[in-house]
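Trainee: I've got this one open in the viewer and I'd like to go through it with you. Can we do it as quick questions and answers?

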Amino acid sequence: MPHLGLPALSRRAFSVSLFGAATVLRAQEPEMHWALLSDTHIPENPEDAYRGFRPVENLRKAIPMVLDAKPQGALICGDAARLKGMPGDYQALKTLLDPVMSRMPVAIALGNHDDRKNFLDVFGATQKGAQKVKNRHVLVIESPAVRFIVLDSLIQPNLTPGLLGKDQRTWLAQYLDTAPALPTVLFVHHTPDDSDGSLLDIPRLMDIIRDRKSVKALVFGHSHRYAHLAWDGIQMINLPALGYNFNDDEPVGWVDAVFTAKGASLTLRAIGGNKERDGKSVVLAWRA
């Protein structure tokens, strides 16, 4: 499988958006087919709106699409709740997700608009794949093809920047060193750049994963943009927001993703915003 030739970028250059060919990855078995969502921002009040978008309405539109795609699972990459992660937000989210959760596993990362306690009170403190990392919601999801590691970058509700912290970074390094060899994709809410509102310990995370070749990609949300880049050979995938965009040029939607031992195929499913790339696919190849 040819590499798309995406350049390795400095942290300051990371904000540039590049999209490649629309060739669909013809993955060979085994594969891991998941629906990837981010920044759903579900409020308790279904009429709550921002920039003309109603997050509850958007998720209602997306759920039948996800079910029709028949993925093996679904993942929300942070900011599941509207602003402060109130209990009612998560009750509303759980009700909306019930048709999906009845058919497949659903994993949820925590972002800066989430509240860890309120989330766990509604969705359950013990979830499949949950790891023992102090004061963090960390999941490991494995298939014969690929391993997902869902990290927790929440510092406190409604505080914009994110931080993994020493305990979680130490756990990750030890886990990667001892886990059976398997292509691994990391998920974290915050963007890996040098903005004051991004993942503050991204240099330390990169120090961990740069030379651990089992890590093939880092998937994140937070920016409400859709982009992908290669950084030190690691694929960096910025998921679009489902709740609303910050810029009219960006789509509002989710990504239908197929992962294999060799790479990934990502297909945008736009339900609002800029729909120019709706239905278009991009193929990413893993580093050796």
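This is a predicted model: local features need pLDDT of at least 70, side-chain atom pairs count only at pLDDT 80 or more; totals for chains, interfaces and linings use all residues.

Trainee: Then where does arginine 51 fall: buried, partly exposed or exposed?

Mentor: Arginine 51 sits in the loop between S1 and H1. Its relative accessible area is 37%. The in-between class runs from 20% to 50%, so arginine 51 is partly exposed.

Trainee: What is the phi of arginine 51 near?

Mentor: Most residues other than glycine have a negative phi. Arginine 51 isn't a glycine, yet its phi is positive, near 55 degrees.

Trainee: And histidine 41, is that buried or exposed?

Mentor: Histidine 41 is in the loop between strand S1 (32-37) and helix H1 (55-69). It also has a positive phi, about 50 degrees, without being a glycine. Its relative accessibility is 1%, so histidine 41 counts as buried.

Trainee: Let's zoom out. What percentage of the residues in the protein is buried?

Mentor: The secondary structure comes to 5 helices and 12 strands. The protein exposes about 12,100 Å², with carbon and sulfur atoms supplying 50% of that. Of its 288 residues, the buried share is 59%.

Trainee: Staying with threonine 267, which residue's side chain does it join in a polar contact?

Mentor: Threonine 267 is in strand S11 (residues 263-273), and at a relative accessible area of 9% it's buried. Leaving out residues up to four places away in sequence, it touches Trp254, Val255, Asp256, Gly279, Lys280 and Ser281. The polar contact between side chains is 2.6 Å, and the partner is serine 281.

Trainee: Now helix H5. How wide is the arc that its buried residues fall within?

Mentor: An α-helix has 3.6 residues a turn, so residues three or four places apart point the same way. In H5 (residues 202-209), the buried ones are Ile202, Leu205, Met206, Ile208 and Ile209. They line one face of the helix, because seen down the axis they fall within an arc of 155 degrees.

Trainee: Which residues are exposed on the other side of H5?

Mentor: The buried residues of H5 have cover that includes helix H4 (166-178) and strands S6 (184-187), S7 (215-220), S8 (227-231) and S9 (234-238). On the other side of the helix, the exposed residues are Arg204 and Asp207.

Trainee: How many residues apart in sequence are the parts tied together by arginine 210 and aspartate 232?

Mentor: Arginine 210 meets aspartate 207 in a salt bridge at 3.3 Å, N to O, and aspartate 232 in another at 3.2 Å. Arginine 210 lies in the loop between H5 and S7 and aspartate 232 in the loop between S8 and S9, so the pair ties together parts that are 22 residues apart in sequence.

Trainee: How many salt bridges does a search of the whole structure find?

Mentor: Besides those pairs, Arg116, Arg136 and Asp152 are linked in a network of salt bridges. Over the whole structure, the search finds 14.

Trainee: Last one: what area does the nonpolar surface patch with Leu159 have?

Mentor: Leucine 159 lies in the loop between strand S5 (147-150) and H4, and it's partly exposed at 32%. Together with Ile155, Leu163 and Leu200 it makes a nonpolar surface patch of about 280 Å².

Definitions and conventions. Residues are numbered from 1 along each chain as its sequence is written. Side-chain values use heavy atoms; hydrogens and water are left out. Helices (H or I, at least four residues) and strands (E, at least two) are DSSP runs, numbered from the N terminus. Buried means under 20% relative accessible area, exposed over 50%, partly exposed in between (1.4 Å probe, protein chains only). Contact means heavy atoms within 4.5 Å. A polar contact is a pair of N or O atoms within 3.5 Å; within protein, one must be able to donate a hydrogen and the other to accept it, and residues adjacent in sequence count only if both atoms are side-chain atoms. The arc is that of the directions from the helix axis to the C-beta atoms. Patches are made of residues with over 30% relative accessible area and no salt bridge: like charges are joined within 9 Å, nonpolar side chains (Val, Leu, Ile, Met, Phe, Trp, Tyr) within 5 Å. Accessible areas come from the Shrake-Rupley method with a 1.4 Å probe; for residues, only the protein chains shown count as cover. A salt bridge is a side-chain nitrogen of Lys or Arg within 4 Å of a carboxyl oxygen of Asp or Glu.
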